[in-house]
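Below is a brisk report on one protein model.

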Amino acid sequence: MAPDEPSYRRRIPAGIVDSAFASLATFAVGLTAVTVLDDVSRGVYAVYFAAFLVGVVLPRQLVFAPASIEAVSLEPPDHRLGVVTQSLRFGLVPGLVGALGAPIAYAVTSGYADASVSLALAITCAVTIVLSPMQDFVRQALHIAARSWRAAAVSIVQFTIVVIAIV
């Protein structure tokens with residue numbers, strides 16, 4: 001497919017919308033943490049954020065990156081989504097292993113912040129470590145299958161859920 005074909009013209013704006021809403025969701029969470037949490041709790045949040053960044057590496061690199069590479073090789077593009085279901089199942093175990101970063105962060109930070117703050121951060125961190133790479137992979141697979149507007153819709157839903165949770 002040449003870059004001047006109409007499908008590229010439709011998918012590029014979808015990719016921008018997808019990236020924008022995914023980034024806005026992350027920004028909204030960080031902005032809320034900065035404005036709602038006190039200084040000590042912000043530091044604890046930073047430890048959990050680091051645990052999240054480390055925890056998502058396993059499922060992304062062990063399962064979802066190879067699955068994306070496999071998906072690109074499949075033709076026609078509609079067949080590319082066939083890797084999603086099995087990959088999500090395979091990604092669950094590395095995601096759960098990565099989620100062990102949350103209790104480690106809890107053990108490291110439990111004496112600093114209020115227990116309710118630490119527990120809330122631990123739970124949301126663990127859940128996010130499991131779900132975030134899966135959601136990113138689904139969006140990526142939709143782009144690979146030339147369904148970029150559906151990927152953008154996933155990011156819009158993600159942003160909407162984050163905003164509702166914040167409110």
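## An exposed valine and its patch

Val108 counts as exposed because its relative accessibility is 51%. The classes are these: buried means under 20% relative accessible area, exposed means over 50%, and partly exposed lies in between (1.4 Å probe, protein chains only). Val108 sits in helix H5. Helices (H or I, at least four residues) and strands (E, at least two) are DSSP runs, numbered from the N terminus.

Val108 is part of a nonpolar surface patch of about 700 Å², made together with Val47, Leu58, Leu62, Val93, Val97, Leu100 and Ile104. Helix H3 (57–73), helix H4 (83–98) and helix H5 (101–109) are the elements that give two or more residues to the patch. Patches are built from residues with over 30% relative accessible area and no salt bridge; like charges are joined within 9 Å, nonpolar side chains (Val, Leu, Ile, Met, Phe, Trp, Tyr) within 5 Å. Accessible areas come from the Shrake-Rupley method with a 1.4 Å probe, and for residues only the protein chains shown count as cover.

## Basis of the model

This is a predicted model, in which local features need pLDDT of at least 70 and side-chain atom pairs count only at pLDDT 80 or more, while totals for chains, interfaces and linings use all residues. Residues are numbered from 1 along each chain as its sequence is written, and side-chain values use heavy atoms, with hydrogens and water left out.

## Overall fold

The protein has seven helices and zero strands. From the N terminus on, the elements run α-α-α-α-α-α-α. Its C-alpha atoms fill a box of roughly 55 × 30 × 20 Å along the principal axes.

Of the 167 residues, 35% count as buried. The accessible surface comes to about 9,500 Å², and 72% of this belongs to carbon and sulfur atoms. Among contacts between residues at least 6 apart in sequence, 76% join residues at least 24 apart. Contact means heavy atoms within 4.5 Å.

## The nonpolar core

The largest nonpolar core holds 27 residues, of which Tyr48, Cys125, Ile129 and Phe137 touch the most other members. Helix H2 (39–55), H3, H4, H5 and helix H6 (115–144) each supply at least two residues. H6 gives the most, with nine residues. Such a core is a set of buried Ala, Val, Leu, Ile, Met, Phe, Trp, Tyr and Cys residues joined through side-chain atoms within 4.5 Å.

What does Tyr48 contact, leaving aside its neighbours within four places in sequence? Its partners are Ala102, Ala105, Tyr106, Thr109, Ser118, Leu121, Ala122 and Cys125.

Ser68 is found in helix H3. Ser68 counts as buried because its relative accessible area is 6%. Not counting residues up to four places away in sequence, Ser68 touches Phe137, Gln140 and Ile144.

The side chains of Ser68 and Gln140 make a polar contact at 2.9 Å. A polar contact is a pair of N or O atoms within 3.5 Å; within protein, one must be able to donate a hydrogen and the other to accept it, and residues adjacent in sequence count only if both atoms are side-chain atoms. Ser68 and Trp149 are 81 residues apart along the chain, and their C-alpha atoms are separated by 18 Å.

Side chains of opposite charge can pair when their charged atoms come close. The whole structure contains six salt bridges. A salt bridge is a side-chain nitrogen of Lys or Arg within 4 Å of a carboxyl oxygen of Asp or Glu.

Asp18 lies in helix H1 (residues 6–36). Asp18 is buried, at a relative accessible area of 3%. Beyond four places in sequence, Asp18 is in contact with Arg139, His143, Ala151, Ala152 and Ser155. The side chain of Asp18 makes a polar contact with that of Ser155 (2.3 Å).

Arg139 forms a salt bridge with Asp18, with the closest N and O atoms 2.5 Å apart. The pair links distant parts of the chain: Arg139 is in H6 and Asp18 in H1, 121 residues apart. Arg139 also meets Asp136 in a salt bridge (2.8 Å, N to O). Both of these residues lie in H6, three residues apart, about one turn of the helix. Arg139 counts as buried at 11% relative accessibility, whereas Asp136 is partly exposed at 25%. Salt bridges that share partners join Asp18, Arg60, Asp136 and Arg139 into one network.

Asp78 forms a salt bridge with Arg147, the closest N and O atoms being 3.0 Å apart. Asp78 is in the loop between H3 and H4, and Arg147 is in the loop between H6 and helix H7 (148–166), 69 residues away. Arg147 is partly exposed, with a relative accessible area of 26%.
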